[in-house]
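Morning, everyone. Please bring up the model on your screens, and keep the sequence beside it.

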Amino acid sequence: MSGTVILKWGGGLITRKSNLCEANYGVIDSLSEICRRFDKNLVIIHGAGSFGHLKAKKYRLAEGNIPGIDQNTGVKEVRNDMLELNSIVVKSLQNHGLSVMTYPPHKWATGTGPNFSGELPVHEGITVVYGDVVDDSEKGFGILSGDDLMFRYATELPNVKRAVFAIGGVDGILRVPPEHAKPEDLIEVWSPQMEFEGEHASDIDVTGGIGLKAARGAMIAEKGVDVLIINGEIPERVLSAINGQSVKGTRIVSGNS
């Protein structure tokens with residue numbers, strides 16, 4: 001095998017985000033089948049969806065330690081819930097005959113944002129990591145987003161061919177919120193100079209939604225890596241994207257190219 005692809009399974013794609021801790025098994029299995037048909041090294045970074053965001057919001061975990069709030073319970077619950085979702089993802093991949101190793105970030109990473117600390121673990125088969133509650137030297141703890149994991153894996157591993165964000169429900173970055181979008185509102189090539197009205201479920205999502213994906217995608221593209229945001233509910237589209245073929249979605253460029 002030659003080359004590596006970094007693939008994000010969005011939390012809103014692999015879970016039913018409005019129902020607490022409900023995985024979307026059909027989507028997870030369809031993505032695992034696509035990975036079985038891919039012949040290069042693969043790093044999968046999955047989001048939290050309803051397994052992380054709802055409780056993280058309740059306990060205000062993204063803000064770090066807040067006196068007077070029992071956040072230790074929240075930290076434990078979210079980490080355990082994420083281990084459960086991660087187990088579902090890993091079992092699906094293994095059921096498709098794939099060699100998989102998973103590395104819970106709270107065991108090896110500290111700090112939040114794209115410059116978090118920790119040596120990136122890698123498996124020769126499929127590497128799986130995910131957004132998690134991690135220790136933080138300043139705040140006590142915080143939310144390490146899968147999008148920040150995407151940045152470091154895509155820019156620090158050798159011979160990365162591309163980074164693909166597979167999201168749920170939309171074909172890529174849209175000029176207007178999804179409920180108002182028409183086919184022509186898909187932005188096929190996006191750079192940081194371009195504005196869009198992405199929908200962010202701030203009552204649920206604690207890590208920044210599509211805006212953070214776009215920002216980290218541009219940072220990755222600046223390092224010379226191809227970046228795509230696509231609809232992960234269409235399996236063949238995911239396979240085409242990770243293989244580097246032309247596909248409907250949004251290609252992200254740094255703005256410097």
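Which residues does N86 touch, not counting residues up to four places away in sequence? They are H46, T102, V128 and Y130. A touch, or contact, means heavy atoms within 4.5 Å.

Two ground rules before we go on. This is a predicted model, so local features need pLDDT of at least 70 and side-chain atom pairs count only at pLDDT 80 or more, while totals for chains, interfaces and linings use all residues. Residues are numbered from 1 along each chain as its sequence is written, and side-chain values use heavy atoms, with hydrogens and water left out.

Back to N86. Its place is in helix 4, residues 71-95. Helices here are DSSP runs of H or I with at least four residues, strands are runs of E with at least two, and both are numbered from the N terminus. N86 counts as buried because its relative accessibility is 3%. Buried means under 20% relative accessible area, exposed means over 50%, and partly exposed is in between, with a 1.4 Å probe and protein chains only.

Next, helix 5. Find residues 146-156. Is this helix mostly covered or mostly open? Mostly covered: nine of its 11 residues are buried. Those are G146, D147, D148, L149, M150, F151, R152, Y153 and A154. What do they pack against? The partners are strand 1 (4-9), strand 2 (41-46), strand 4 (126-130), strand 6 (140-144), strand 7 (160-167) and helix 6.

Look at the start of helix 5. A side-chain oxygen of S145 comes to within 3.0 Å of the backbone nitrogen of D147.

Now take G146, in helix 5. Its relative accessibility is 6%, so G146 counts as buried. Beyond its neighbours within four places in sequence, G146 contacts K8, I45 and G131. Compare sequence and space for G146 and K213: they sit 67 residues apart in sequence, and 9.2 Å apart in space, C-alpha to C-alpha.

D147 is also placed in helix 5. At 1% relative accessibility, D147 counts as buried. Set aside its neighbours within four places in sequence, and D147 is in contact with K8, F165, G209, L212, K213 and R216.

That brings in helix 6, residues 209-221. How do helices 5 and 6 pack? Their angle is about 15°, and their axes are 9 Å apart. So helix 5 is roughly parallel to helix 6. The axes are lines fitted to C-alpha atoms, for helices over the stretch in contact, and angles run from 0 to 180 degrees between N-to-C directions. Under 35 degrees counts as roughly parallel, over 145 as roughly antiparallel, 65 to 115 as roughly perpendicular, and the rest as oblique.

The crossing of helix 5 and helix 6 is right-handed. In a right-handed crossing the near helix is turned clockwise from the far one by less than a right angle; anticlockwise is left-handed.

Who meets whom? From helix 5 come D147, D148, M150, F151, A154 and T155, and from helix 6 come G209, L212, K213, R216, M219 and I220. By class, this contact of helix 5 with helix 6 has six nonpolar, two polar and four charged residues. Ala, Val, Leu, Ile, Met, Phe, Trp, Tyr, Cys and Pro count as nonpolar; Asp, Glu, Lys and Arg as charged; the others, Gly among them, as polar.

Another helix pair. Helix 2 (residues 25-36) and helix 7 (residues 235-242) have axes that come within 9 Å and cross at roughly 35°. This crossing is right-handed. S30, L31 and I34 of helix 2 meet P235, E236, V238, L239 and I242 of helix 7. The classes in the contact of helix 2 with helix 7 are six nonpolar, one polar and one charged.

Last stop: the loops. S50 is in the loop between strand 2 and helix 3. At 1% relative accessibility, S50 counts as buried. Its side chain reaches the backbone oxygen of N19 at 2.9 Å.

Most residues other than glycine have a negative phi. C21, not a glycine, has a positive phi of about 55°. It lies in the loop between helix 1 (11-14) and helix 2. R60 has a positive phi of about 55° too, and is not a glycine. R60 is in the loop between helix 3 (53-59) and helix 4.

Terms used:
A polar contact is a pair of N or O atoms within 3.5 Å; within protein, one must be able to donate a hydrogen and the other to accept it, and residues adjacent in sequence count only if both atoms are side-chain atoms.
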